[in-house]
Structure formats: structure tokens, C-alpha cells
Amino acid sequence: MNEIKDAALAAENGRNKESIGLRGKLQGIPLIAWLIGILAAAVLEHTFGKILAAALDMEKIPVLFGLTVILKEPVMIPKAAIYGVLIYGIPIFTVAWIFRIRSAGNLLAENLLKLPLIIPTLIHLGIFYAALHIWSDLSAYRVLTVKLTLIAVMMTLSLNVINGYMGEFSCSHPGFMALGAYAASAFTVGLFADDRLFGAAVLPEVLGPYLFPAGLVIGGFTAAIGALVIAIPSFRTRGDYLAIISLAFLFIVKSLLENLEVVGGPRGMSSQPDYANLPTVFTWCVLCVWIINNFVRSILGKALNAVRDDETAADAMTINTRRTKMIAFMFGAFWAGVAGGLFAHVLRYVNPATFGIQKLAEVLAMVYFGGLNSVYGSIVGAVSLSMLSEALRPLEIFKWIIIPLLLILVMIFRPTGLISFTEFDPRRIMGPKNRKEGEV
Amino acid sequence: MALLEIINMTHFFGGLRAVHDYNLSVEPGQVRGLIGPNGAGKTTIFNLITGIYRPSQGTILLDGQGIVGRQPYQIAAQGLGRTFQDLRLWRHMTVLEHVKLARYSKLSYGLIGAFFGTPKRHAEEAATEKRAYELLEMMQIAHLSDQLVTNLPYGAQRRVEMARALATEPKILFLDEPTAGMNPEELIQMMAIIRRVRDDLGLAIFLIEHRLKMVMELCDIIQTLVFGEVIAEGTPEEIQNDPDVIEAYLGKEVVV
């Protein structure tokens, strides 16, 4: 026992030594200080971004941190770098640094956490949302990218419940997304829009935004019912059956939608009302992360890990393994359905071709890149890969060389993903980052 | 009435008769042993009773209720805890999580509680954690509670498995070779633990074991199994002197 203690102490000392450097000092700054810094940068860009871009002789402000611009025209690298440093780098670090004075940031974080957890959570989310809103306000492209990224987070996280937490390999996630997208679209288009497929609106348009959540939930449940169809035959035994059956399901859904004229066949469905604005998508994404995180941290959710690691032992420890697997699978599908509903209303157009193998590859890549069995990893994976995929757009076909190459590298050096098997504890994330050195 | 009663249980794997007319009757607080050469069918008997296999014929009564055909998790929740011969721990989980998870069937907060983190869930999980710590204290591994099981020495892993089995609140505990691969020191500790489980919790214990020293010291009644058939049943002294048992283990003397 003493050996373990000694090892822990040694590790602690090592960590303290590391934290003396600049990196350590930055690590001593709590999340809230960074968020306020990001908010400040967003406000700054909103006010002076255009002026600075004009002064630097750029056509417009660099949309995605200048990455798109410099890939198109490498000559712009210095200008984009100056813009990035002045607008993002300096403000964020200055504000965060200010919060280091007399550990103000840590004191703030500490006192916030003394309140019921919901209050600091809402404050953090509020600041983050404000920053996101102000940042994306400058261009429609940014708004779209942010919305699609948030939807990607939902997709990745819900697939991680099945592939990571439960350890089964499911390929049907885009199929669930399609079911959700079509069901939610049918709901809103049928009720609130004049459309060639469903005729005139049934209910007054004013009600639309209020009933939109119901449409998304219907989409989610449609996907969950689809999941039940797969789950009944494939969870009788263990093995690769699920991978095969779910892949088949993906193709069945796709060709079903292509051949159903009621929902527009291969041409798809359009004229979805514009309900999925940024706050709506953000709220649903937060809700998804919150509920999934609650689930996987509960004993009921940990039963998934038990089933994955040793099903016989799970059975012997009173866990109803079949029910556990079915519930988790339907739960994951539900959130894919909700994400699909949002997706359809963000693009305001949906067709079967969207939900094919390519979509599956994207989601799987995000899950395995970010890290299995980790809410944190899924968020990181989804955000980084969707941002990267947008930023690398100018490279056209080479994008599909760089991203897979990155994935291969991650698989070589971290076989379970960047941030795998970690718990997402809101208290720790929002808490003060007190270190011995930081308190001086 | 006996706590666990097995009447004429027979099992075939295809054409192979793995277990033949097996009978057992365990009273509360009794320690029963099952010995026999490798491949005699000892673990098969465990798997038949715990529901992993379904016996071809026969009746199994746990607390007077027939349990043949029930799912393993139902039988476990009814009061039959077990450990495994080849440690079956969940490799990505901590010690504490193992013990908490074994109280799965005792939780009542349901999916709503799991999704939304209701106060009921937090209360139940706190109570579960407290109970889990008590069991870890009993096994003297409470200080390892936040370690991953894969980082523990073998003896400690065995204790985790024991604590996990006890967390299901069994009436009878099945131990499948609890001392396999242990050194003499760990063996003595494990024997002390088994005694304490029996005395403090008043459980009946049914154990498979290869080490005769342990079986002879712990068990009240021992059965000897050879090729799926019980060839002898009795107290440790009787078994030690039974000519059939000696023959099964050492072979028959051949007069040249």
C-alpha cells in the first residue's frame, strides 16, 4: 500500500515540476476565465474585425480563423497570422492572464461551485453561447458551420454510447439520422408549410416554433423504433452480427426513402420551416450532452461497460444484459434521430443520398478520433474533425487524404482515440484549477 | 427446508454426458466442497446451477423455487452469488465501480433517474457507494477503491471478485477455485476471508477447489466428482479415507 502512495506522491511531484513552466501557469487558469477571454475576443472581432481586415488589405474577415484563406492563397499567411494574433490570441490570453492576479479566476470558480450545480453550469454555457453567437454573427457561413458542428457532436456522442460504451459495432447511425430527419420534416412540413407533397399548412404558422421540439422528439422515437427492429435479432447473441445487420439496415432505409414517393423519392423533401436557429440547435446539443453524460455516469449506464468488458460476469452480477443493450442502442438511435431532425431543418432540405456510407465514415471517424468511452472525446472529435473538414475545403480532393492520414496516426499512437476512457465531470471542468504553484 | 436443492440433474453436451444424476442439498450456513480431477464437470455443474447452461434433465430449487430455465441475472438476483475460476473482472472499471455495479438489481431509480440525475438517483447511488465501501473494508481493499482492477496484484483481484459477489446480497455463494494461482500466504488470507464471510454474513458456501488442504479445513461436507458422477460424499475424514476417491486421484494398484 505504501508503494502505491509513494508512486502517487512521485507523480504529484512530477506534475508540480511541470507546472512551473508557462504551460503550467496557463493550466492554473479555470475554464470561466478562458470563456470570458473568448467572449472578449468575439466582441472585439465584431467591433473591429472589418476595420482590421481592411487595414490588412484583406477582402473580408477570415471566416474560419484564416485557414481557408491561407490554403487558397499561401501569400496571405502573414496577414492571416497577424489578424489571428491581434483579434484572438492577444485578447484571450490577456483576459485569462488578468484572472490569474491574486487567483481571482480560481476564487470566482470556487465560489460559483458553492451554488447548486445548475447555476454555474448555466453561467458557463451562457458565456460560451454569447461568444459563439457574436462570433458567428459576422457571416452566414460561420452560423452554418457552427450548427453542423453541434449536430456532429450529437451524432458522435450518441454513436459513442453504442460503439464505445457498449462495445458493439453499429453502422446504422446515418440510417437513424435519416429516419429522424424525415419524420421531423414530415411533421413540420405537413403541419406548418404549404408544400407540393403535403399540401397546405394545417396549423397556424405561429405555433410552429413551439411544436418544433415535439417534431424532433417524434423524429427521435422513429429512429428508436428503427433501432428496435435491429436490436431484436442482433442482441440474441454476441459477435459481429450487429455490424452486418446494422449496415444492411442503413441501405434498407436509404433505398426505402429513395423509392417512397410520398416523401419525395430521390429528390427528397424541401421547404422545412426555418426553426433550427442557432439557440435551438445549441440548446438541443447541450441537452443531448447532459442527458447522455448523466446516463453513462450512472450505475445503469456503467452496466454497458460491464456488458462490453465481460458479459458473463455482468449476468452473474444481476445485470439484465439484453435489456441493457437494447435500451442503450435505442437511446443512441433516439439522439441520432433528433440530430437528423435538426439537420433537416438547418439545411431546410433533405434527400436520401445524404445518409449514405460517406456520412457513416464521417461519424465513425469522429468517434474513433475523439476517443472511445468518453463524452469529452466525442466533443473533441466531432468539433475538430468538422472544423478541419470545413477548413480544408479549398484542398478539394486532398482533404480526403489528409483527414484519413490523421486518423491513421491517431490509431497508431493512441489506439482508443485522443481522449478515451475519461469521465466528463462538470464539477471538475468548471472548478478552480488550484495548484501549489498557482496559489503563490 | 434446504436452501439449495438439486434433484437428479443430468446434462448432455451433444452426445457427451457431462453430468449424471447429480444431487445436492445445502443448508443455510453450510460450507460444501466439490472436488474432482480436471474435466470431471465441476465448473459445468456451477454453470448449470447459475443458469449459464440449461440442464437436460432435473430440478433445481433455490429457497423452494424452481430456477431451471431462468436467466442468469434472475438467478443471481434471487440470491445466488458466484466468482469465476478465470477472474472475470471488467478491465476498464475501478474497484469501487465493480462493487457498486453488482448492486444493479437493488436499484429502483430507473431510466428517468439515470437520464435526468434525479435526487432519488443521487440518494440511491450514495447508499450504494456506502455499502460498497463496507464490503471493500471487509475485504481489506478499501484503499484501492479508485484503482483500475488491471493494475492490482492477483490476490487483490480475487478479493475484488469476492466483494463484488457479496454485493449482490447472496444467500449462497459459489466459489470456483478461489485460490487458483495463489501463493501460500495469499491462500491463508483467502481462507480467513471465506471463514469470515460464513461467520459474519451467515452465508452458505459451495466451493470447487483443487487444494485439498483448503477443502479439508473449510468444508462440512465434500462431494467427489469423477466423469460427471458423484462417487463419494461425506465429511473430510470420510472422503480422505474413501478407497474410490483414492483410486480416482491416484489410480488403482495393479497386482503383477
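Predicted model: local features only at pLDDT ≥ 70, side-chain atom pairs only at ≥ 80, totals over all residues.
**Exercise 1. How many of the 14 residues of helix 16 of chain A are buried?**

Solution. Helix 16 of chain A covers residues 357–370, and at 1.5 Å a residue its 14 residues should span 20 Å, which agrees with the 20 Å between its end C-alpha atoms. Next comes burial, where a residue counts as buried if 20 or more other C-beta atoms lie within 10 Å of its own. By that criterion 10 of the 14 residues are buried, and the helix is mostly covered. The buried residues are Lys359(A), Leu360(A), Glu362(A), Val363(A), Ala365(A), Met366(A), Val367(A), Tyr368(A), Phe369(A) and Gly370(A). Their packing partners in chain A are helix 8, helix 9 (173–192), helix 11 (241–259), helix 17 and helix 18 (399–413). Just after the helix, Gly371(A) has a positive phi of about 135°.

**Exercise 2. Determine on which side of helix 12 of chain A the buried residues lie, and what they pack against.**

Solution. Helix 12 of chain A runs over residues 278–297, and its 20 residues should span 28 Å at 1.5 Å a residue, in agreement with the 28 Å that separates its end C-alpha atoms. The buried residues of helix 12 of chain A are Val281(A), Trp284(A), Cys285(A), Cys288(A), Val289(A), Ile292(A), Phe295(A) and Val296(A). These residues cover an arc of only 135° around the axis, and therefore they are on the same side of helix 12 of chain A. The spacing can be read against a general rule: an α-helix has 3.6 residues a turn, so residues three or four places apart point the same way. Within chain A, the buried residues of helix 12 pack against helix 8, helix 10 (208–234), helix 13 (299–309), helix 15 (321–347) and helix 17 (375–391), and they also pack against helix 4 (110–116) of chain B.

**Exercise 3. Describe the side of chain A that touches chain B.**

Solution. The contact joins 26 residues of chain A to 31 residues of chain B. On the side of chain A, the elements that give two or more residues are helix 12, helix 13, helix 14 (311–316) and helix 15, and of these helix 13 gives the most, with 8 residues.

**Exercise 4. Classify two helix pairs, one in chain A and one in chain B, by the angle between their axes.**

Solution. In chain A, the axes of helix 7 (residues 118–136) and helix 8 (residues 140–165) come within 8 Å and cross at roughly 140°. Since only angles over 145 degrees count as roughly antiparallel, helix 7 of chain A is oblique to helix 8 of chain A. Leu132(A), Trp135(A) and Ser136(A) of helix 7 meet Arg142(A), Val143(A) and Val146(A) of helix 8, a contact that divides into 4 nonpolar, 1 polar and 1 charged residue.

In chain B, helix 6 (residues 154–167) and helix 7 (residues 184–201) pack at an angle of about 10°, with their axes 11 Å apart. Helix 6 of chain B is therefore roughly parallel to helix 7 of chain B. Helix 6 of chain B contributes Gly155(B), Arg158(B), Met162(B) and Leu166(B), while helix 7 of chain B contributes Glu186(B), Gln189(B), Met190(B), Ile193(B) and Val197(B). The residues of this contact divide into 5 nonpolar, 2 polar and 2 charged.

Key: Residues numbered from 1 in each chain as written. Chains lettered and ligands numbered in written order. Axes fitted to C-alpha atoms, helices over the stretch in contact; angles between N-to-C directions. Helix = DSSP H or I, 4+ residues; strand = E, 2+ residues; numbered from the N terminus. Parallel < 35°, antiparallel > 145°, perpendicular 65-115°, else oblique. Contact = placed C-beta atoms within 7 Å. Nonpolar A, V, L, I, M, F, W, Y, C, P; charged D, E, K, R; others polar. Expected span 1.5 Å × (residues − 1). Buried ≥ 20, exposed ≤ 12 C-beta atoms within 10 Å, placed from the backbone. Arc of directions from axis to C-beta.
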